[in-house]
Amino acid sequence: MQVVTISGFKGGTGKTTLACLLGVAATKDGLRTACLDLDRNTRNLSSFLTLRRASRLESPDHVMLMDTEEDARTNARPKHSGRLEPLVRMAALDGYDLMIIDTSSGNLSDVYEAHLLADLILTPMNESPADMHGLFAPIGSPAAPRINYRDMIDTVRFDRRRAGLPVQRWQVVMNRVAALPSKIGTIINDRVAKMATEAGFETIWSLRDRVSHRALALEGRTVFDTPVDGKLTMSELSGRSEVRALLSLLSRAPERVVTLNPGADHKAEPKMDEKIAA
Ligand SMILES: Nc1ncnc2c1ncn2[C@@H]1O[C@H](COP(=O)(O)OP(=O)(O)OP(=O)(O)O)[C@@H](O)[C@H]1O
Ligand SMILES: [Mg+2]
């Protein structure tokens, strides 16, 4: 079984939309797929998939991770590191081919573990400086967010290496790309491409901005479902190919050793541990 974790601490980049599209595409391609919703606040992926089931649309299985009663009672920040691994192991034993984990910027312990367990990390972002800074600004730069996504990925890779595991693949997905090229889009794409080597991710993929993707929240319908009038538009067909291109990443070797940036090699202790414990 392969595990795909979709992440990025910047909100609204398209993580859940991508999780749902990939989950539906994989299921339609005959892969036994489970989706794990780690966003306990919005539960967007869970509601999309519930809507789909209500509309009798073929869907991946899904699990929503809940807070424990104590978390709910005390309103404490949950610390559940270690509870995802048995779930992933059980799903593999149960014969699932694929697990897609949708994350949020909350509950860092679970999110961190979702990255430790991933074979492939997908990071959607929009062609916007806010997304670029929110995801890739190095620690210490004025644009760096308080909880740094890049630092977490470095730390996960450090921990996996320490455990003798290969570094997993990491891909950036430029999402909501406008039909017409823009100056800012070109600037962002160039800068992100330059950052790839330094931050240690691979190719940048793109998903266009499509009304059909936005319509997910209406009844959970995706570009992979037969339209009510039976006619697929060109936009829906192109939308399918974009998502299928991402899905094809799974048929390749799931794990690949990539060169880490030198800073990650010299870390004495992962900083993310401290952040999670905080
Ligand atoms: N390719 C796309 N085309 C059109 N709309 C999109 C696309 N991707 C995402 N959206 C829209 O962008 C908004 C944010 O998407 P989504 O909820 O998937 O982001 P998210 O990263 O999961 O957000 P959060 O951080 O809140 O979990 C939604 O309104 C969604 O419909
Ligand atoms: Mg989401």
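By class, how many nonpolar, polar and charged residues does the lining of the largest cavity have?

Analyst: The lining of the largest cavity has 8 nonpolar, no polar and no charged residues (Ala, Val, Leu, Ile, Met, Phe, Trp, Tyr, Cys and Pro count as nonpolar, Asp, Glu, Lys and Arg as charged, the others as polar). This is a predicted model, in which local features need pLDDT of at least 70 and side-chain atom pairs pLDDT 80 or more, while lining totals use all residues. Residues are numbered from 1 along each chain, and side-chain values use heavy atoms.

The whole structure holds 1 cavity of 30 Å³ or more (points on a 1 Å grid where a 1.4 Å probe fits but cannot get out; lining atoms lie within 4 Å of a point). Its volume is about 30 Å³, taken as the space filled by probe spheres set on the points. The lining consists of Val4, Leu22, Leu98, Ile100, Leu120, Leu122, Leu246 and Leu250. Two or more of these residues come from each of β4 (98–102) and β5 (strands are DSSP E runs of at least two residues, helices H or I runs of at least four).

In helix α6 (residues 129–136), the buried residues are Asp131, Met132, Gly134, Leu135 and Phe136 (under 20% relative accessible area with a 1.4 Å probe). Phenylalanine 136 counts as buried because its relative accessibility is 1%.

How values were computed:
Chains lettered and ligands numbered in written order. Buried < 20%, exposed > 50% of the residue type's maximum accessible area, 1.4 Å probe, protein only. 1 Å grid on protein atoms, 1.4 Å probe; cavity = no way out; pocket = protein on both sides within 12 Å on 5 of 7 lines; lining within 4 Å.
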